[in-house]
Amino acid sequence: MTPWLKLTTLAALAGMAGLAHAQAKPPLKVGLMLPYTGTYASLGNMIENGFKLYVQEQGGKLAGREIQYFKVDDESEPSKGTDNVNKLIKRDQVDVLVGTVHSGVALAMAKAARENNTLLIIPNAGADAITGPMCAANIVRSSFSNWQPGYAMGIVAGQRGIKRAMTITWNYAAGAETVKGFTEGLEKGGGKVVKDLTLPFPNVEFQALLTEIAAQKPDAVYAFFAGGGAVKFVKDYAAAGLNKTIPLYGPGFLTDGTLEAQGSSAQGLLTTLHYADNLDTPRNNAFRKSFALTYKANADVYAVQGYDAAQLLAAGLAAAKGDLDKRDVITAAMRKTVVDSPRGKFSISPAGNPVQDMYLREAKGQNNEFKAVAVKALADPARGCKM
Ligand code: PHB
């Protein structure tokens, strides 16, 4: 072979190798940081299942890339948040972070995502600051801000003539912020909150606080609890007989994914949320059927948020043709997309939070049933976000 021929052969071989390389991009590494133990364990599992369901429906790939999962149980423990998220960022070198449920842990994740410029999609935690003062191009949420369902319930309570309300919740960011939203909505309708009660997360010793509610006799109680804690609170409220005299309201987390365990104690409860189980749309019906077939369980709001986190990622990746280096293209596309969610279509605000309808729901049997649109296309005020 002449030297020239040798060279051209080598060049051709190199070209072929390059082509093979271009065709087979390595898998996209997705880091799931969720609670798999503790009071929010079922929420974490539903989010993971929802996320994986969407990926499975796309043939296991997003924008042509296989998905490889890395998992960390964050235990809903804020003090371990930074160490846990660094396992995914530094040790596993994930391309995208998906998490978490607990606002305190999510704040640590958002800080790390900002410092390392890692893409972060939040499939639950509502911490207002994340799409407020801490907002960043590389962070988006597929769920809600804590302010959103709280504000909607405050508006509804005002419309129902509530003048004096009490609130009860866990003493951390999510509790404080949802109560703030509720208070703001209620005050618009001429009511006010006369007393806020709290207990440390994830405690469930409610008796002394229920005694105080009985003594104060407010027109209504607004409660934020979720997962295992919500099951216990709703049961204790009914066991104390309070459900007969003082209406119990809450963001939908109070009765979402929990109705079976709450039994008769939750029946008839009114809550506000961006999802209702029985939304009779082709999109929601197909989603619930697919979820039930795959997991032999009914979907809930957490499954929807996990599913939509995957949809957001898919929209970003599609715009960049699967190329993670095109970061600006990905983050812009995630804000431009209209997500065709089981909850109904929603868009993403410049701060990275869903702009979405808030529904009033009633717990009936195993479903949180749609009753009305409480607030249409509600956008979080994104106070303090500068981008
Ligand atoms: C939160 O910590 O932001 C949080 C946790 C559970 C929920 C909703 C919000 O169901």
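In this predicted model, the shell around the ligand is made up of eleven nonpolar residues, five polar residues and no charged ones. In total, 16 residues surround the ligand. The closest are V101, S103, G126, Y172 and Y302.

Three of these residues were examined for polar atoms facing the ligand. S103 contributes through its side chain: a polar atom there lies 2.6 Å from an oxygen atom of the ligand. G126 contributes through its backbone, with a polar atom 3.0 Å from a ligand oxygen. V101 also presents a polar backbone atom, at 3.4 Å from an oxygen atom of the ligand. The space that the ligand takes is the largest cavity.

The protein is divided into two parts, domain 1 (28-144 + 280-348) and domain 2 (147-273). The centres of the two domains, taken over C-alpha atoms, are separated by 28 Å. The domains also touch one another: 16 residues of domain 1 are in contact with 19 residues of domain 2. Both domain 1 and domain 2 give residues to the shell around the ligand, so the ligand lies between them.

Key: Residues numbered from 1 in each chain as written. Predicted model: local features only at pLDDT ≥ 70, side-chain atom pairs only at ≥ 80, totals over all residues. Heavy atoms only, no water. Near = heavy atom within 4 Å. Polar contact = N/O pair within 3.5 Å; in protein donor to acceptor, adjacent residues only side chain to side chain. 1 Å grid on protein atoms, 1.4 Å probe; cavity = no way out; pocket = protein on both sides within 12 Å on 5 of 7 lines; lining within 4 Å. Sits in = over half its atoms within 2 Å of the grid points. Nonpolar A, V, L, I, M, F, W, Y, C, P; charged D, E, K, R; others polar. Domains from an automatic or database assignment. Contact = heavy atoms within 4.5 Å.
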